[in-house]
Amino acid sequence: MSSFPGLLTVGAVLTAAGLALAACGGGQTTDAATPRTAVTSTAPATPYESGTTSGSDTAPPTSTTADTGIVITTARSEFGTMLFDRSGQAIYLFDKESTSRAECYAACATAWPPVLTQAVPRAAGAARSKLLGTTERADGSTQVTYGGHPLYYYAHEGKNQVLCHNVTEFGGRWLVVSPDGTAVA
């Protein structure tokens, strides 16, 4: 135990402040009106589509097995019913993208990894098959679209968390997606 009891409290506050700043980081601006809090959803907690994690329990999946496409499903959150992948990773769209062509690359795609698939994506829950599609990225990978919007994860979220809804970064807002294909405002 420290002989400076206030020092422990100050350290805890600084650590919490640092985590809050890193929540949707990258040095970009965020919407100050939107709290960055974890939202527990009822999304199923199953392994990533590939059956393995990529070294971290919070890292989003980057691909699927060769014979099946990624499953896009839904779960309830603080923002209503929204899209998740089967593992419980929240899914976002980037409102800067007005077509199915992805514009998030480099540092943007590091912070907001694209939802990728190696086969036709599949719908579960309240997700609609007719809204699912794909688009080819510049590197030749296949990104999942929903309602004509390329889909993304936030790189620093754990399963069943929604930390960065309605956040402005990389020249646009990041919004969770409802089952009807629209952004939740």
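Is Phe94 buried or exposed?

1. Phe94 is buried, with a relative accessible area of 1%. This is a predicted model, and the points below should be read as such.

2. Five aromatic pairs turn up in a search of the whole structure. In one of them, the ring centres of Phe94 and Trp174 lie 4.1 Å apart with planes at 5 degrees, so the pair is stacked. Trp174 is buried at 0% relative accessible area.

3. Trp112 and Tyr154 make a tilted pair, because their planes stand at 50 degrees, with centres 4.7 Å apart. Trp112 is in the loop between H2 and strand E4. Tyr154 is in the loop between strands E8 and E9, 42 residues away. Trp112 counts as buried at 0% relative accessibility, and Tyr154 does too at 1%.

4. One aromatic cluster takes in Tyr92, Phe94, Trp112, Tyr152, Tyr154 and Trp174.

5. Asp95 pairs with Arg173, with 3.5 Å between the closest N and O atoms. The partners are 78 residues apart: Asp95 in the loop between strand E3 and helix H2, Arg173 in strand E10. Asp95 is partly exposed at 36% relative accessible area. Arg173 is partly exposed at 29%.

6. Arg137 lies over the face of Tyr105, 4.2 Å from the ring centre.

7. Val71 belongs to strand E1, residues 71–77. Val71 is buried, with a relative accessible area of 2%. The C-alpha atoms of Val71 and Val120 are 9.3 Å apart, across 49 residues of chain.

Technical notes
Residues are numbered from 1 along each chain as its sequence is written. This is a predicted model: local features need pLDDT of at least 70, side-chain atom pairs count only at pLDDT 80 or more; totals for chains, interfaces and linings use all residues. Side-chain values use heavy atoms; hydrogens and water are left out. Helices (H or I, at least four residues) and strands (E, at least two) are DSSP runs, numbered from the N terminus. Buried means under 20% relative accessible area, exposed over 50%, partly exposed in between (1.4 Å probe, protein chains only). A salt bridge is a side-chain nitrogen of Lys or Arg within 4 Å of a carboxyl oxygen of Asp or Glu. Rings of Phe, Tyr and Trp (its six-membered ring) pair if their centres lie within 6.5 Å; planes under 30 degrees apart count as stacked, over 60 as edge-to-face and the rest as tilted. A charge sits over a ring if NZ of Lys or CZ of Arg is within 6 Å of the ring centre and within 35 degrees of the ring normal.
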